[in-house]
Amino acid sequence: MQTGSTVLKLLEKAVTLEENGCSGEAYIEYLNVVETMAKELRQLSQLNAHSEVESSVVMLRHCVDRVQHLSKILPQHLPSTQPRQHTIVAQNRKSLPNTQNNTPVQQTTTSPPPRTSTPPLVQPQLHTSNSQKSLRDARKKAEEEALRRMREQMQFKVESDRKNLERSKALAINSRVEREFHNSIKSSSRRFKWEVQDKWSTFIDKYLKYDTDVSQNIIVADKYWLEQLQCSARSGRSIADAIQTHMDCILVDSRHPLNDICIQFVGQFNQSYGSVEDNFEEHIQRARTEIFTFLERLLKVLFGKYWISFSDHDDLSEMLVYNCILKHLFSIGVYARLLSIFKNIYQNENHSLNQKMLEFSGVTCQELGVKKLFRLDLGYQTIVNQLHKYDALFTIEEKLKLITSVIDQISVVVVQHYKDNPDIKGEKLVIGADDMLPIFIFVFIKSNIKDIYAKFKLLEYFMDEEFSKGAEGYAMVTLEMAMNYAMGLNKEDLDPIEVEEKVEEYVVDEKSVIKEHSFAFESTSMGYQKENSFVLDDLMGLSLDDADLDDII
Amino acid sequence: MSRHNFKIVLLGEVTKGRVGKTSLTLRFVKNSFDDHQQSTIQATYLQKELRIGDKTVTISVWDTAGQERFHALGPIYYRNADGALLVYDVTDHDTFIRAKNWVKELRKVVGDDITITIAGNKSDMKNRQVSDEEVAEYAKSVGAVHLHTSAKANRNVDEAFLDLTKRILEKKSSAPSRTELLGKQNSGIIIDNTERRVTRTESRMYGKNGGISVADEPKTTQEQKQCCG
């Protein structure tokens, strides 16, 4: 820019003058710089040259500082600048009558008058002529007035420049958003078309009002979020939380177009499947297809059209967004509608399982064949409580996670039990499927989740195939095993309650204690020794502390 | 480098004693045995990554409940299984008989798609009740491989799983993969004039809805040629 180089030349000159001790001339040059820069700043603000404005303001501040500094020290420097002052004054004396209306900068070509502390040099001149004195006074007043106005102007300029800077920043953001984001939507070079125009593409065209009627703040927020994701992705940071948080916010924000389109979708979905009375399987299949078709197309438009700035996103990001929207749809009505259809399909299974769970609600671990070491009936209550949360969750992922964690919790409970009871042997156990499945069946029956069969089928139907071979798949299979086992369960299938076993167990535990006692009997009367062998059977659950061995014998 | 994920089910009878399914899994995945483990652990579902040639294979080992009361529900476990490791106890002939029944069931439910290995566990023990000839002949007749294993002595454990994985891989390589089939279905998905990988969302949809895409209208013919070749 032309003015930029002019400013630099002037500034260089001012600095050189100041360095050479010519404070007066430097002062004038600095003022010239300030004025030129003020003009330049106005031009830059109009052009939204944000970075240039910022650097110019810094330079301007520096110049103003120098001007203020020099204005303070200038009278003190007068003696040293006196010879030059004379020349200037002499020149101005000639031109002054004609230059009264010159610009402030031109008017201040002379320094303020010398102080009285420096009379030896000034006084001879003051006494030369009265007319010169009055002229000097007049000039002095004019200079002071000009300086005051200059300071005011500069202060005003600095303030207005600061405001201009803030305004230009905001304008730059908005214009950038508009240019790169909003305008790209409307640009003729980015015209989108559906290769297949059908119900859901029309629906999205109709209800996704992203490029119109949307608050600028919403678009800016989305824009910054996408930029943040890009930065995170480039730096290798996890973007899952950022996606989850933002999506959760915008999906419940009534001003956001995604919130609106989801509500519209659920409304239409409920209308289509609200009163299904026959052909349930067919309806379920259609419902699933519609949910997935809608989501897939919505994502195509979001990432292909509106969120194009995040074009280098990976599949995972898209999948996370997909899951967030699916979760939202499920939570605002889709799950409830689907479940009602599934309940209709599996009403017989539900009825049978509900009854069995009620019938066997008092079943024990031992009756279900749980190995002795794992018969922690009360201990598993925490897992039963955890499983109760199933109905409070809406998404497939959350429900799957819950079932998987329930299975993992079994070993946690066992470990904790043996940790709390260090006297019992069992701190090093391996829990295989032979042990885990009966425990899970126990937990499952105790949880007594109503209509779990239909809920399971819904989960299975919407579960991603990728999970089928993983831990989630294993959890689902375990749940299915438990459901099927419980449905076919009869009283005769239960293991009999082992009273004898309890006694036997008791005996094993107390054998060592008895041995000590038998040593006592042996020492007192050898005749008792044989009879003591059946004493243990007669204890029948009494602890040795409670039982008086002498009485029993 | 291609990646695979195989599901392997462990089957074995629980009658008088245990055949050692869980111990085999633990030895293979964590290289530990009951005697040396530090605390209680759950070994129902374990995963291990293997490198076979230039391929990375993740095997998910599914332990199954072998009690008589769950036999009828066995097919729930076998579903979508790529391989099965049938474990019997060399000191208990009944467990071998039961292993034979597992094979019959597997072939009936899953067909020939499943790759089977028969492992005679507890081979470190002396009182063997199953003869080598009998089991070798049987394994050959059902297209399975037989190995004597010992989780306790760490004998042939890695070999059993590795051999099974290799055979599954060979079987899968000879048949057209799901990805290849998907690739054929998904060709032509173009967004923003740039070919993209098929996402999970898309792969979930294809085959259900057919090809759907939203495409930019090309700016110029030359540009389109440059992008799409």
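Helix α8 of chain A covers residues 216-235, and in this predicted model its 20 residues reach 29 Å from the first C-alpha to the last. That is close to the 28 Å expected at 1.5 Å a residue. Quite a few of its side chains are tucked away: the buried residues of α8(A) are Ile218(A), Ile219(A), Val220(A), Asp222(A), Lys223(A), Trp225(A), Leu226(A), Leu229(A), Gln230(A) and Ser232(A).

Next to look at is the partner helix, α9 of chain A (residues 240-252), whose axis comes within 11 Å of that of α8(A) and crosses it at roughly 170°. With that angle, over the cut-off of 145 degrees, α8(A) counts as roughly antiparallel to α9(A). On the α8(A) side, the residues that meet α9(A) are Ala221(A), Asp222(A), Trp225(A), Gln228(A) and Leu229(A). Facing them from α9(A) are Ala242(A), Ile243(A), His246(A), Met247(A) and Ile250(A).

Met247(A) turns up again in the largest nonpolar core, a set of 145 residues, where it is listed with Trp307(A), Ile325(A), Tyr380(A) and Phe444(A) as having the most contacts inside. Helix α12 of chain A (residues 315-345) gives this core its largest share, 16 residues. Domain 2 (187-345) and domain 3 (348-552) of chain A both contribute residues, so the core lies between them. As for Tyr380(A), its contacts beyond four places in sequence are Cys365(A), Phe374(A), Val413(A), Val414(A), Ile439(A), Phe442(A) and Val443(A).

Over in chain B, Gly120(B) sits in strand β6 (residues 115-121). Gly120(B) counts as buried because its relative accessibility is 0%. Leu147(B) is 27 residues away from Gly120(B) in sequence, yet their C-alpha atoms are 6.2 Å apart. Leu147(B) is also among the residues Gly120(B) touches, including Tyr88(B), Val90(B) and His146(B).

Conventions:
Residues are numbered from 1 along each chain as its sequence is written. Chains are lettered from A and ligands numbered from 1 in the order in which they are written. This is a predicted model: local features need pLDDT of at least 70, side-chain atom pairs count only at pLDDT 80 or more; totals for chains, interfaces and linings use all residues. Side-chain values use heavy atoms; hydrogens and water are left out. Helices (H or I, at least four residues) and strands (E, at least two) are DSSP runs, numbered from the N terminus. The expected span of a helix is 1.5 Å times one less than its number of residues. Buried means under 20% relative accessible area, exposed over 50%, partly exposed in between (1.4 Å probe, protein chains only). A nonpolar core is a set of buried Ala, Val, Leu, Ile, Met, Phe, Trp, Tyr and Cys residues joined through side-chain atoms within 4.5 Å. Domain bounds come from an automatic or database domain assignment. Contact means heavy atoms within 4.5 Å. Axes are lines fitted to C-alpha atoms, for helices over the stretch in contact, and angles run from 0 to 180 degrees between N-to-C directions. Angles under 35 degrees count as roughly parallel, over 145 as roughly antiparallel, 65 to 115 as roughly perpendicular and the rest as oblique.
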